[in-house]
Amino acid sequence: MVKAKWVWITGGSSGIGLATARECLDRGDYVILSARDAQKLQQVCTELNAQLPSPQAFAYALDVTDVQALQEAWEFICGHFALPDWIIFNAGTHTPTSIDSLQPSVFRQLMEVNYFAVLQGIHTVLPRLRAQRRGTIAVVASVAGYRGLPTAAAYGASKAAMIHACEAFYTELQGSGVKLKLINPGFVRTPLTDRNAFAMPCLMEPEAAAKALVQGLESPGFEVVFPRRFAYFLKFLRCLPYAIYFKLVQRLNG
Ligand SMILES: NC(=O)c1ccc[n+]([C@@H]2O[C@H](COP(=O)([O-])OP(=O)(O)OC[C@H]3O[C@@H](n4cnc5c(N)ncnc54)[C@H](OP(=O)(O)O)[C@@H]3O)[C@@H](O)[C@H]2O)c1
């Protein structure tokens with residue numbers, strides 16, 4: 001029998017994070033969910049636990065951009081529950097942007113949540129994981145970080161920065177006993193993508209995304225992508241010279 005895991009998921013009250021929590025609970029794992037809205041988080045955990053013989057979903061509310069709160073959360077989780085086997089830095093946000101109404105503050109805010117908070121999270125958990133030579137850190141970035149896309153300048157830049165940092169860390173962590181996984185989803189139907197005013201190609205349901213995410217965490221290798229067809233198409237775009245890339249994006253953008 002496979003031993004149940006302890007899984008800490010930031011951004012666990014909605015969308016991909018919540019679906020991943022459900023997937024982990026279905027496997028018999030224990031989940032600790034974090035998000036800012038404490039009431040919603042508690043309600044989510046109550047609903048998740050209602051399906052189980054004994055509680056396996058626990059709430060710890062925090063804002064991931066609060067450095068001290070992040071450290072306190074980590075101490076609490078390790079002290080009261082267990083050293084998590086998987087830490088999924090999934091909390092993130094998106095604000096569509098346009099050059100016509102350029103707001104540097106929006107870029108700053110997305111960088112804070114999608115990039116600096118994850119870096120801070122890695123900084124917080126790594127010493128203990130390294131000391132025990134175990135654990136998996138999963139960072140949820142996005143295929144939007146592969147290349148510049150219209151209306152996603154701020155979001156894409158924050159995810160590109162995250163992908164870049166993880167590529168560097170991956171090599172540096174070899175032999176440490178700590179695994180780093182980069183999760184790059186395509187479009188998944190969640191409150192975050194409800195903000196997109198365009199038809200999203202290959203849109204995936206959160207349940208299918210969560211299955212692919214968990215399967216990816218169990219597999220060897222660095223990057224986990226879903227849906228694969230769309231991700232591989234974007235990987236192909238990444239290789240194109242600018243002249244062809246811009247023409248193609250313009251055509252796809254209507
Ligand atoms: N959906 C997609 O198509 C897609 C594609 C690629 C990548 N992603 C990435 O996947 C991750 C999850 O996205 P989603 O689509 O599932 O979004 P979502 O449904 O909007 O969920 C976002 C979660 O993050 C939490 N959160 C946001 N800001 C936070 C903060 N400062 N501190 C703590 N928690 C915070 C939210 O709860 P509170 O508001 O209560 O804090 C919520 O639980 C994000 O990193 C996103 O960029 C999504």
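In β3, Leu33 has Ala59 as its bridge partner. This is a predicted model, in which local features need pLDDT of at least 70 and side-chain atom pairs count only at pLDDT 80 or more, while totals for chains, interfaces and linings use all residues. Residues are numbered from 1 along each chain as its sequence is written, and side-chain values use heavy atoms, leaving out hydrogens and water.

Strand β2 (residues 30–34) has 4 of its 5 residues buried, so the rest of the structure largely encloses it; buried here means under 20% relative accessible area, exposed over 50% and partly exposed in between, with a 1.4 Å probe and protein chains only. Strands are DSSP runs of E with at least two residues, helices are runs of H or I with at least four, and both are numbered from the N terminus.

Now follow the pairing, which requires at least two DSSP bridges between two strands. β2 and strand β3 (residues 57–59) run parallel, joined over 3 bridges. Between them, the chain passes through helix α2 (residues 38–50) in a right-handed β-α-β crossover, meaning that, with the strands pointing away from the viewer, the path from the first strand over the helix to the second runs clockwise. Strand β1 (residues 6–10) also pairs with β2 in the parallel sense, over 5 bridges, and Ile9 has Leu33 as its bridge partner in β2. From β1 to β2 the chain crosses through helix α1 (residues 15–26), again right-handed.

Finally, look at helix α7 (residues 228–239), where Phe233 is found. Phe233 is partly exposed, at 34% relative accessible area.
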